[in-house]
Amino acid sequence: MRLPNMFAIIAVVITGGILLYGVSDFPSFGDPKSPANAAVPGSESVSQYFITKSYKDTKVPNLVTSVLADYRGYDTMFETVVIFAAGMAIFAILGSVGGGSQPRVQEEGPSFVDGDHSRIIVGTTCRLLVPVIQVFALYVIGHGHYSPGGGFQGGVILAASFIIIALSSDLDAALRRLSEVNYLRLACVGILIYAGFGVLCQVLESNFLDYGVLQPILLTDGPEMARSHSMLGVEIGVAFTVTAIMFAIYANLSSRGTLRDGL
Amino acid sequence: MTDQIPAILVLAPLFGAMIIGLAGQKDHRACFPVALVSLLVTLFASIGAIFTVIESGPIDYFMGGWEKPLGIGIHLRIDSLNVILLVAIAIVAVLVAIFSIRRIGDKNAEKTPHFYSLYLLLCVGLFGITIAGDAFNLFVLVEVSSLTSYGLIAMGSSRRGTLAAFNYVLMGTVGASFYLLGVGYLYLMTGSLNMQEIHSIFVANPDIASSKAVAISFILILIGIWIKMAFFPLYGWLPNAYSYCPSSSACILAPLMTKISVYVMIRVMISVFGLGWVFASPGYSNLVVWLAVIAILAGSMLALAQREIKKMLCYLIVAEVGYMVGGAWLADEQLWGLTGSLYHILADAAMTLCLFLAAGIFAKRFNAIEIDDLEGLFKKAPWTAAGFVVGALAMIGVPPTCGFFSKFYLIRGGIEANHWEYVIALLISSLVNAVLFFRIFEIAFFGVKPPEGHGHHEEEEAELKEEHHPEIPNWTGTSSLLVASAFVILLGIFNGKVVELIRVALEDLTVVAQRF
Amino acid sequence: MAEFFEQTLQPHFNFWIYVILMMIGLWALIAKNNLIKKLIGMSIFQTAIILFYVSLGVKEDATIPILDPYGQAEHAAAEAEGAETEGEKKRDSYIGKKSPDPDTMANPLPHVLMLTAIVVGVATLGVALSIAQMIFKEFGSLEEDEILEIVKGGSVDD
C-alpha cells in the first residue's frame, strides 16, 4: 500500500500546484466586469447578449431555460443522448442472458400496491404520495419557462415516483407499470421528439433547431412565441427520456440486471 | 441540400439508433439493415462534403440559426482539415458494421439492439467531435463517444475485461474533466466558448494571451486530451481495455478513438491557440518530442514482449500515438511534421483497422488468441492472411502502403526540425515492427510443430472450425478485411492528393492564424 | 501574512476552495483501495469542477437570471411614479423599452453549461456502478488488491 500513496500524493501536489499557479491571474470573485460576465475589447459579450436580448428573441423569462433550449439546444440534445446511451450501456453491461425473455414468477402473492397488506404504514404513505409527486413533476416540466425547472428536473422527479413504488412494495409492481420494453421505447420517443422538432425546421428551409420558422405550423403570432412553444415541446421530449432512463438505471442496478427481485 | 450536410452527418446515425431502439427490440433482424443504411447515408454526405469544400471553401453551420454575434449559438465547421477524416470515420464504421453481423449473435442475442444502438451513437459522437467549432460542444460530444465506448467495452463476458473497463471509466472521466476545466479557464479569461472567437480575442488582446491562466488552460486541455489518446505516460488503460473486449468493439474503437483525440489536439493547437503561441518557447516542444520518443520506444519494446495478438497490437497503437504527437510538436518551419501527423491519422486508422479485423477473424473462427496459436493458419485462411500481411507491411513501412509515406513525411519533418532523436526512434520502431511481424509470419506460414503431427493437427483445426459459428458466413469478415487492405494500399498510392489537401488546409489556417 | 490573505486569498477564495475539493477527489480516486470509494472520489472531482464554473458567473448583489414577466416590479415603480394608462403597466413592458441591466443579474451561461455537466456526471456514475456490480459478481470482492491477486493468481480463461 505504500506505492499508491506516494504516487497519489505526488500527483495531487503537482496537479494542485499547477491549478493554483493559474489562479493568481483570475478576476476576483463576484466581479461584474470580468471577461466572462462583460465584454472583452475586440468582441461582443455573449452573456450580456443573453441577459439583455433573449426575452426579445424568445419571450421566455427564465434566461437559463432560453439559453439551454434555444441558443444551445444542440448541446441539450446531446445531453439527452448521453443519458440514453448510459441507459443502453447499463443494460448491455448488466443484462443477464434470458433475463428479459423468461416470464416473471409471481412470488408470494400480489404486492402491497395491488392488494397485499403486510407493509401498511410505508405502503400507504407512498401510495398516497405518488400522484402528488407526479403532478408536481409535471408542474416543474411545464413551468420551466417561468421559474427554475425544465425537462431534466421534472423528468427526474417523475422517475422518482416510479422508484418510490419499487422501494415501498416490490420492483415487480413498478415494472408492471413501466415494463422494460416500454421504457426503452419511451426513451427513444423522447429523443425523436427533440430531433423531430429540429428536422421539421430543416424541412422548412432553415437550419436544424431554428424554431422561428415553425410559426405557420404552430399557429402563433410571431416567431418568438413559436420559439417559446417549441422550447416547451423539446423539454417534454427531454422529460420522457430522463424519466425512462432514470427508472431503467434504478431497475437494472438494484436487481443486478435480472429485473427480478430488486431491493 | 449541401449546406445541411453538417447536420445530416450527425442526425442520420442518431435517427438510426432511435429506430433500432424502437423497433429492434422485438425483431433483432431489423437492427443491422437500419444501421447499415444510416451509415451509408453519412458516407455519401461526407463524400459530398469533400466536393463542396474543394469547390467553395469551408462550410459553416450555425445551429438554431444564431449567427451573429459569434458565440451565442453553436458553430459547426467543415474545412479541408477535417473533411477527409469524416470520410475515414464513415468508411471504418461501415466496414466494421459489416464485420460484426451476428458476431454478437451467438451468446448475447438479447443485446443485439443495444450493441447496434451504442455503435451508432458512437459514430454520432465521432462525427460530432470532428466538425465541432465550439469548445463546450466538443466536451459534450467527447462524453457521448466515451459513454458509448464504456458500454461497448464492458459488454464482453471476460473476467479481466470488467476490471479493465472500470479503470477505463475512471481514466476517461478524469481526462474529460481536465478538458472541461481547461475550457472553464479559457471562458473566464476570454468570455467566449466559440473556437474562432477565442482565437480572435487572443489576437486582439496580447496581454490576455500571455497571461498565466491561459497557459495553464492549455496545459489542462492538453493533459485531458493526452489521457484520451493514451499518450505516454497516461496509456495504462488502453492495452487491457482493448484486448479483453468483444472483437467488434475493439475493431471500431481501436482505429478511431485515439486518432480522433490526436485530431482534437491538433485542432486546439491550430484554431484556438495558434501555432505561433504554442511554439513560442522551444523548450516545451522539445519536452513533448522527447516524451513522444519515449512513447514510441516503450510501445515498441512492450509490444515485442507480448504473447497475445491483440495486446501486442494495442502496444503498437501506443507507439503510433507517439509518432503522431511527436510529429505535431516538431515545430519545423514548413510544417511537414504536422502534415505527416495528419496523414498518419488516416493511415493509422486504415492499418489498425486491417490488423484488428484480421485478429478478430483469427480469434473467432480459429480461436487463436496467442501468437503461438497462429501456427499454419495462413494456409487455411489465405484471404485473411493476405489482409493481415498488408496491414503488417504498412506498420513496418514498406512502399507502396500508406505506412511508408507517413513515415517519410514524419522523418522529413524531423530532419528539418533537427530532432534527430525522433528520426532515430522512428527507424528503430520500424525495425522492431519488422522483427515482430516476421516472427508472426514465420509461425503462421511454417508452423512450429514437427511434420509428422501435421495430419492430426489438421483434424483438430477442422473440429475447432466446426464448433465455432458454422452459421456465420465467412465472407462478411473477410470482405471487410480485403476492402480495408485495399484502402491501405490506395491511401499510399494516392498520398500525393491527400497530402496536397492537407497542405492547402494548413496554409489557409496558419495564414489566418497570425503568428503573434 | 495579512497581506497574503487579503491580496491573494480573499478575492480568489472560491478558486482555492474548488482546487482543494478537486485534490481531495483526485487523491481518493488514486489512493483508495475500494472501488466504490474510488467512484466517490471521481464524483467529488467532477463536483469541484461544477462548483468552479458556477462561481464564475456570480456578480456582487445580483439576483437570479429569471425575468419578471408580468412586470410586477415595473408596475410598482410605475405606480409610484404615477403612470397614466393601463397599457404602460402591462406585461410587455420589456419589449423594446427596457432591457434588464446586466450587472444586476447573474450570468446564465455557466448555469446552462453545468446543467449538462451534472447530467453527464450522473450518467457516467451509473455506468461505473454497473461495471462495479459486474466485478463483484465475477470476483466476489470490491477491494482492488484482492481482485488483482485473483486475476494474477489463477486466471485460466480471459
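In which helix of chain A is confidence lowest, and in which is confidence highest? The model is predicted, with local features requiring pLDDT of at least 70 and side-chain atom pairs counted only at pLDDT 80 or more, while totals for chains, interfaces and linings use all residues. Residues are numbered from 1 along each chain as its sequence is written, and chains are lettered from A and ligands numbered from 1 in the order in which they are written.

The pLDDT (the predictor's confidence in each residue, from 0 to 100) averages 84 in chain A, where 87% of the residues score at least 70. Helices are DSSP runs of H or I of at least four residues, and strands are runs of E of at least two, numbered from the N terminus. In chain A, helix H9 (residues 215-218) has the lowest confidence, at a mean of 82, and helix H4 (residues 73-94) the highest, at 92. Over residues 97-106 of chain A the pLDDT is below 50. Where pLDDT is low, the predicted coordinates should not be read in detail.

A residue is buried if 20 or more other C-beta atoms, placed from the backbone, lie within 10 Å of its own.

Chain C contains six helices and zero strands. Of its 158 residues, 35% are buried.

Notes
Two residues are in contact if their C-beta atoms, placed from the backbone, lie within 7 Å. A residue is buried if 20 or more other C-beta atoms lie within 10 Å of its own, exposed if 12 or fewer, and partly exposed in between; C-beta atoms are placed from the backbone.
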